[in-house]
Amino acid sequence: LKCLRLVYERQVIREKAPKYLNGHRISKAEDVYELMCDLQLEGKEHFIVLHLNNKNGIVCIDRVSTGSLNQSVVHPREVFKGALLSSAAALILVHNHPSGDPEPSPEDMEITKRLRETGDLLGIKVLDHVIIGEGRFISFAERGLI
């Protein structure tokens, strides 16, 4: 599966994933990286949430925030508004680091914790947070951080 061209694939919250992705299953962080690898080309931070069904199939791709060179503002209300509208069973958080270094910042750790806690309250599991850098990625799940 080729990278999702984010420039052309702008999704509205209530729209389904593009037909070729509808139901595409995510089984590991590498699947997320392969799908979203074009984020490494962006000059600004983009925070995207993959909405999944109960079999980890993609039902929606939600661009929650486009930020600046080194940050994007993300609020749980905006993340879960879309998730509730799409009836997501689970989420995977994805964002890029334009610097090319995907190591999580303290802010990345904090927002992931807040979103996981919010998801627990709403019954929507946050499965992973994948940070994309230049030619590589970091998975919070693989590192035991989520």
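Predicted model: local features only at pLDDT ≥ 70, side-chain atom pairs only at ≥ 80, totals over all residues.

The questions and answers below go from the whole chain to one strand and then to the salt bridges.

Reader: What percentage of the residues in the protein chain is buried?

Author: A residue counts as buried when its relative accessible area is under 20%. The accessible surface of the protein chain is about 7,800 Å², and carbon and sulfur atoms hold 49% of that surface. Of the 146 residues in the protein chain, the buried share is 45%.

Reader: Among contacts with a separation of 6 or more, what share joins residues 24 or more positions apart?

Author: Here a contact requires heavy atoms within 4.5 Å. Among the contacts in the protein chain with a separation of 6 or more, the share from residues 24 or more positions apart is 69%.

Reader: How many residues of strand S3 are buried?

Author: Strand S3 spans residues 90-96, and both of its faces are covered. On one side Ala90, Ile92, Val94 and Asn96 are buried, and on the other Leu91, Leu93 and His95 are buried. The number of buried residues in S3 is therefore 7 of 7, by the cut-off of under 20% relative accessible area.

Reader: Which residue of S3 is the bridge partner of Phe47?

Author: Strand S1, residues 46-52, is joined to S3 by 6 bridges, and the two strands run antiparallel. Within S3, the bridge partner of Phe47 is His95.

Reader: Which residue in S4 stands opposite His95?

Author: S3 is also joined to strand S4, residues 125-132, by 7 bridges, and these two strands run parallel. In S4, the residue that stands opposite His95 is Ile131.

Reader: Is the β-α-β unit made by S3, helix H3 and S4 right-handed or left-handed?

Author: The unit consists of S3, helix H3 (residues 106-122) and S4. With the strands pointing away from the viewer, a clockwise path from the first strand over the helix to the second defines the right-handed case. The hand of the unit formed by S3, H3 and S4 is right-handed.

Reader: Which residues are linked with Glu78 in a network of salt bridges?

Author: Glu78 forms a salt bridge with Arg77, with the closest N and O atoms 3.6 Å apart. The side chain of Glu78 also meets that of Lys81 in a salt bridge, at 3.9 Å from N to O. The residues linked with Glu78 in the network are thus Arg77 and Lys81, since each of these N to O distances is within 4 Å.

Reader: About how many helical turns separate Lys81 and Glu78?

Author: Both residues belong to helix H2, residues 76-85. Because Lys81 and Glu78 are 3 residues apart in H2, their separation is about one helical turn.

Reader: How many residues apart are Arg143 and Glu103?

Author: The side chains of Arg143 and Glu103 meet in a salt bridge, at 2.8 Å from N to O. This pair links distant parts of the chain, with Arg143 in the segment after strand S5 (137-139) and Glu103 in the loop between S3 and H3. Arg143 is partly exposed at 42%, and Glu103 is partly exposed at 34%.

Notes:
Residues numbered from 1 in each chain as written. Heavy atoms only, no water. Buried < 20%, exposed > 50% of the residue type's maximum accessible area, 1.4 Å probe, protein only. Helix = DSSP H or I, 4+ residues; strand = E, 2+ residues; numbered from the N terminus. Pairing = 2+ DSSP bridges. Areas by Shrake-Rupley, 256 points an atom, 1.4 Å probe, with all protein chains shown as cover.
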